[in-house]
Amino acid sequence: MNLAQAVALRTQELLKQHNKTQYKLIKDTLLNKTTIYSLFKDKKEDVKLSTVYLIAEFFGMTLAEFFDCNYFKDIDI
């Protein structure tokens, strides 16, 4: 799994846990919708740390909390 795939999985998991939508994520973070849709459609191989920061902030998390899951244990870089 690459970093973008792990970020996408973690974000999808958090969206479900918090009962939020991709649309709400895009609207509240002001991230480009193409960035988010590409991330979820597995079209990205890499993701900016600033994007991950905004996603984590959307969920009220620190970066450490966002990355604290098994998805990030064995990343192919």
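Where does Leu30 lie? Leu30 is found in the loop between α2 and α3, where helices are DSSP runs of H or I of at least four residues, numbered from the N terminus.

## Basis of the model

This is a predicted model, in which local features need pLDDT of at least 70 and side-chain atom pairs count only at pLDDT 80 or more, while totals for chains, interfaces and linings use all residues. Residues are numbered from 1 along each chain as its sequence is written, and side-chain values use heavy atoms, with hydrogens and water left out.

## Loop residues with positive phi

Most residues other than glycine have a negative phi. Leu30, although not a glycine, has a positive phi of about 60°, and at 75% relative accessibility Leu30 counts as exposed (over 50% relative accessible area, with buried meaning under 20% and partly exposed in between, for a 1.4 Å probe and protein chains only).

Asn19, placed in the loop between α1 and α2, also has a positive phi, near 55°, and counts as exposed at 72% relative accessibility.

## Helix α3 and its contact with α2

The helices α2 and α3 pack at an angle of about 140°, with their axes 10 Å apart; axes are lines fitted to C-alpha atoms over the stretch in contact, and angles run from 0 to 180 degrees between N-to-C directions. On the α2 side, Gln22, Leu25 and Ile26 meet Lys33, Ile36, Tyr37 and Phe40 of α3. The residues of this contact divide into 5 nonpolar, 1 polar and 1 charged, where Ala, Val, Leu, Ile, Met, Phe, Trp, Tyr, Cys and Pro count as nonpolar, Asp, Glu, Lys and Arg as charged, and the others, Gly among them, as polar.

## The buried side of α4

In α4, which spans residues 49–58, the buried residues are Thr51, Val52, Ile55, Ala56 and Phe58. These residues are on the same side of α4 because they cover an arc of only 155° around the axis, the arc being that of the directions from the helix axis to the C-beta atoms. What covers them includes α1 (3–17), α2 (22–29), α3 (33–40) and α5 (63–67).

Conventions. Helix = DSSP H or I, 4+ residues; strand = E, 2+ residues; numbered from the N terminus. Contact = heavy atoms within 4.5 Å.
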